Amino acid sequence: MSAPFRLMGIVNVTPDSFSDGGLFLEASVAIEHGLSLVAEGAAILDVGGESTRPGAEPVAGEDELRRVLPVIEGLAAAQTGAQISIDTSKASVAAAALAVGASLVNDVSAFRVDSEMAGLVADSGAECCLMHMLGEPRTMQKDPRYADVVDEVKGFLEERLAFAVREGVREERVLLDPGIGFGKTVEHNLELLRRLDELLTLGRPIVIGTSRKSFLGRITADALDASERLPGTLASNVLAYERGASVFRVHEVAPVREALTVAAATLDARWTASTVRAPTN
């Protein structure tokens with residue numbers, strides 16, 4: 001029985017991502033990392049060559065292509081069965097990635113940065129993920145304010161979904177992401193997680209990306225280093241699953257898979273293990 005959720009493993013081919021910048025700059029290392037994520041249970045590999053952390057500077061399209069294309073080509077050649085996603089807001093980068101094996105475009109700008117992106121996705125038949133972000137990475141965390149963060153994020157995603165469909169993207173090819181940490185305070189992030197089920201009326205799968213994010217460290221006050229935020233990542237993903245999220249973008253696939261499998265078995269009243277063993281406790 002297939003899992004009722006999908007895990008999107010993060011493959012950052014960047015020097016400045018907030019938690020793993022520089023670790024996978026070499027294509028061979030990034031490919032090996034991606035393959036290990038698939039072995040742990042990733043159904044999607046999200047390859048990105050431009051950091052979108054708060055304060056990040058833009059990257060030229062040529063540099064982005066130089067970073068991601070060899071990685072996507074290598075992952076596609078491995079034929080793991082995992083879907084390959086390109087994390088970019090540039091149509092030129094997305095087009096090149098789709099040509100060598102990607103089939104999902106993860107655009108944090110929700111088709112607002114590049115006027116050609118929506119048409120490219122429509123013509124290619126690729127899936128896409130549209131995310132809410134207040135402003136752009138360099139400024140998004142400078143005093144973000146909302147009258148009601150959930151209502152505003154929902155309205156934004158509804159409008160971007162309608163725009164994509166008008167541009168020819170098939171609605172069933174669209175995923176939606178509320179953009180945890182993208183122009184939100186700790187309180188905004190928690191309110192989105194608390195009321196995530198309100199986004200289900202949009203009718204599309206909800207992607208959640210809380211992995212290692214700084215708001216988790218601020219809540220616990222003892223996980224200021226990104227590498228120490230796995231417990232908070234697990235808790236936030238389980239809560240998001242309970243409230244209806246179905247795609248989870250994460251750095252550590254195996255522990256999140258185990259946590260969500262237990263949550264699914266509990267909430268859905270079914271056990272998805274392939275082998276039944278006699279209980280020992």
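Biologist: What is the relative accessible area of Asp148?

Modeller: Asp148 has a relative accessible area of 24%, so this residue is partly exposed. Please keep in mind that the model is predicted.

Biologist: Which residue does the side chain of Asp148 meet in a salt bridge?

Modeller: The partner is Arg195, and the N to O distance is 3.3 Å. Asp148 belongs to the loop between E5 and H5, whereas Arg195 belongs to the loop between H6 and strand E7 (207-208), so the pair ties together parts that are 47 residues apart in sequence.

Biologist: And Arg195, is that residue buried or exposed?

Modeller: Arg195 is buried, because its relative accessible area is 18% and the limit for a buried residue is under 20%.

Biologist: Which residues are linked with Asp148 and Arg195 in a network of salt bridges?

Modeller: The network also takes in Asp151, Glu191, Arg194 and Glu198.

Biologist: What does Asp148 do at the start of H5?

Modeller: One of its side-chain oxygens reaches to within 3.1 Å of the backbone nitrogen of Val150.

Biologist: Which residues of H5 are buried?

Modeller: They are Val149, Val150, Val153, Phe156, Leu157, Arg160, Leu161, Phe163 and Ala164. These residues cover an arc of only 160 degrees around the axis, which means that they are on the same side of H5.

Biologist: Which residue just after H5 takes a positive phi?

Modeller: That residue is Gly168, with a phi of about 105 degrees.

Biologist: Now the residues other than glycine. What is the phi of Gln79, and where is this residue?

Modeller: The phi of Gln79 is positive, near 50 degrees. Gln79 sits in the loop between helix H2 (61-78) and strand E3 (83-87). Its relative accessibility is 71%, so Gln79 counts as exposed.

Biologist: Phe111 is not a glycine either; what phi does it have?

Modeller: Phe111 has a positive phi of about 70 degrees. The residue is in the loop between strand E4 (104-107) and H4. Phe111 counts as buried because its relative accessibility is 4%.

Biologist: Back to charges. How many salt bridges does the whole structure hold?

Modeller: The search finds 14. One of them joins the side chains of Glu50 and Lys90, at 2.9 Å from N to O. Glu50 is in the loop between strand E2 (44-48) and H2, and Lys90 is in the loop between E3 and helix H3 (91-99), so this pair ties together parts that are 40 residues apart in sequence. Both Glu50 and Lys90 are buried.

Biologist: Which residue forms a salt bridge with Asp87?

Modeller: It is Arg249, and the closest N and O atoms are 3.3 Å apart. Arg249 lies in strand E8 (residues 247-250) and Asp87 in strand E3, so the pair ties together parts that are 162 residues apart in sequence. Arg249 counts as buried at 18% relative accessibility, and Asp87 counts as buried at 7%.

Biologist: Next, aromatic rings. How many aromatic pairs are there?

Modeller: The structure holds two. Phe5 and Tyr241 form an edge-to-face pair, with 6.1 Å from centre to centre and 85 degrees between the planes. Phe5 lies in the segment before strand E1 (6-12) and Tyr241 in helix H8 (residues 230-242), so the pair ties together parts that are 236 residues apart in sequence.

Biologist: Are Phe5 and Tyr241 buried or exposed?

Modeller: Phe5 counts as buried at 8% relative accessibility, and Tyr241 counts as buried at 9%. The rings of Tyr241 and Phe248 have centres 6.4 Å apart and planes at 45 degrees, so that pair is tilted. Phe248 is buried, as is Tyr241.

Biologist: What do the ring pairs link together?

Modeller: They link Phe5, Tyr241 and Phe248 into a cluster.

Key:
Residues are numbered from 1 along each chain as its sequence is written. This is a predicted model: local features need pLDDT of at least 70, side-chain atom pairs count only at pLDDT 80 or more; totals for chains, interfaces and linings use all residues. Side-chain values use heavy atoms; hydrogens and water are left out. Buried means under 20% relative accessible area, exposed over 50%, partly exposed in between (1.4 Å probe, protein chains only). Helices (H or I, at least four residues) and strands (E, at least two) are DSSP runs, numbered from the N terminus. The arc is that of the directions from the helix axis to the C-beta atoms. A polar contact is a pair of N or O atoms within 3.5 Å; within protein, one must be able to donate a hydrogen and the other to accept it, and residues adjacent in sequence count only if both atoms are side-chain atoms. A salt bridge is a side-chain nitrogen of Lys or Arg within 4 Å of a carboxyl oxygen of Asp or Glu. Rings of Phe, Tyr and Trp (its six-membered ring) pair if their centres lie within 6.5 Å; planes under 30 degrees apart count as stacked, over 60 as edge-to-face and the rest as tilted.
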